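Welcome, and thanks for taking a look at this one with me.

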Amino acid sequence: MKYFSADYIIPVTSEPIANGVIQLNDEGRLVRIGKQEDFPTVDIQKVKGIILPGFVNAHCHLELSHMQGICDTGTGLVSFITKVVKLRDFEQELILEGIRQRDREMYEAGIQAVGDICNKTDTASCKDESPIHYYSFIELFDLLQPGMTRDTISNYSRVFESQSDKGLNQKSFVPHAPYSVTPELFAFINEANNAGSVTSIHNQETPDEHELFINGTGRFKTFYEGLGMNLDAFKATGKPSIDYALEHMVPQGNTLFVHNTMSEKEDIQNVLRWNTNSYWVSCPNANLYIENRLPDYRQFMDCNAKMCLGTDSIMSNWQLSIWEEIKTIKKYQSYVPLEALIEWATINGAEALKYDNVLGSLEVGKSPGLVHIELDWKGEETQLEGSVPRRLA
Ligand SMILES: [Zn+2]
């Protein structure tokens, strides 16, 4: 048995406990949580600051771990994707080393579970061994080309077979984004997944996506032409891109909408009517990196939307740390309560990925992992600057 104490324990699903104590068994399962006086005789490891449950990173691309610094900041999503599409030819050993390094970095920064987008199988062996639980989202796209749908399905069926489902790891098929998936490919994904599968889609990340769906014009059209493709099979709907996604996805299981920098209240309300088990994943540092624009969090809070946090890949971030995402939101949209942000970073992500029976809060019976952050806890008045998360257990 191990015992940990801090100035404040933040269980997330109940009130912070001043000088609280947590008892973990040798497998890391939480056996007991309470006040100092409930544990009079035991040997307790006491730290300054706060102890939180492990974080959930609801959106990452671990397979891009070797690509830090390759894209300039602030160039916009279409330039970013163009670069990704053209980048190849890295040594396999470099790719695998990057993946191992970033998996370790996330674990040390207190991340306990990851919703990970996969276009390849490179990450599978790392996930088999990692202490992090991975929900692998095998992500399909046929670039709106009906002629590519069949090959996409057969290629990605192989990726699905090879991805890790060891231990608590899970996997499902997911669509990439409205601007890259035909109705036929959506239909395959709906059919291939189990009823309880979690799905995810990149959503409303740039004005160019909006322009494509409203008018059939803009930089995405140019992007496709640059690849030698036409958009003859695509008809602009005159409605936001998310409407196209809702029309072709099935409202069962949990659905994660990722980025949402362009989402408006009406979009959020439409989604809540479509599937109450919808989650909105924000990756603020990646949004600043790529488009230099953040979502308007007030709209989501006004709609009682369930929010989660993600890092996206190291290709569009400065580090893979959920605590850094919280600090960024606090810096630019400080009205979001710290308590809410901690929920987004822990229990909401755990619920979204269906790991909430074991992760996301400090409750007896869970194995959430423990994160220590040295800071002076004053509730909403807490200063986050300079604070660094450290894995305790
Ligand atoms: Zn992404």
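1. Where is the place of L52? Keep in mind that this is a predicted model. L52 sits in strand β5, which covers residues 45–53.

2. Is L52 buried or exposed? L52 is buried, because 28 other C-beta atoms lie within 10 Å, and the cut-off for a buried residue is 20 or more. Leaving aside residues up to four places away in sequence, L52 touches I10, I342, T346, V371 and I373.

3. Now compare T75, which you will find in the loop between β6 (55–60) and α1 (77–86). T75 counts as partly exposed, because it has 15 C-beta neighbours inside 10 Å.

4. Next, please turn to the largest nonpolar core, which has 99 residues. The members that touch the most other members are I22, I51, V56, V281, C308, A345 and L353. Helix α13 (residues 338–352) supplies the largest share of this core, 7 residues. Why does the core lie between two domains? It does so because domain 1 (2–51 + 379–391) and domain 2 (55–359) both give residues to it.

5. Not counting residues up to four places away in sequence, V281 touches A58, H59, L256, F257, V258, C308, L309 and G310. One of these, C308, is also on the list of core residues that touch the most other members.

Methods
Residues are numbered from 1 along each chain as its sequence is written. This is a predicted model: local features need pLDDT of at least 70, side-chain atom pairs count only at pLDDT 80 or more; totals for chains, interfaces and linings use all residues. Helices (H or I, at least four residues) and strands (E, at least two) are DSSP runs, numbered from the N terminus. A residue is buried if 20 or more other C-beta atoms lie within 10 Å of its own, exposed if 12 or fewer, and partly exposed in between; C-beta atoms are placed from the backbone. Two residues are in contact if their C-beta atoms, placed from the backbone, lie within 7 Å. A nonpolar core is a set of buried Ala, Val, Leu, Ile, Met, Phe, Trp, Tyr and Cys residues joined through C-beta atoms within 7 Å. Domain bounds come from an automatic or database domain assignment.
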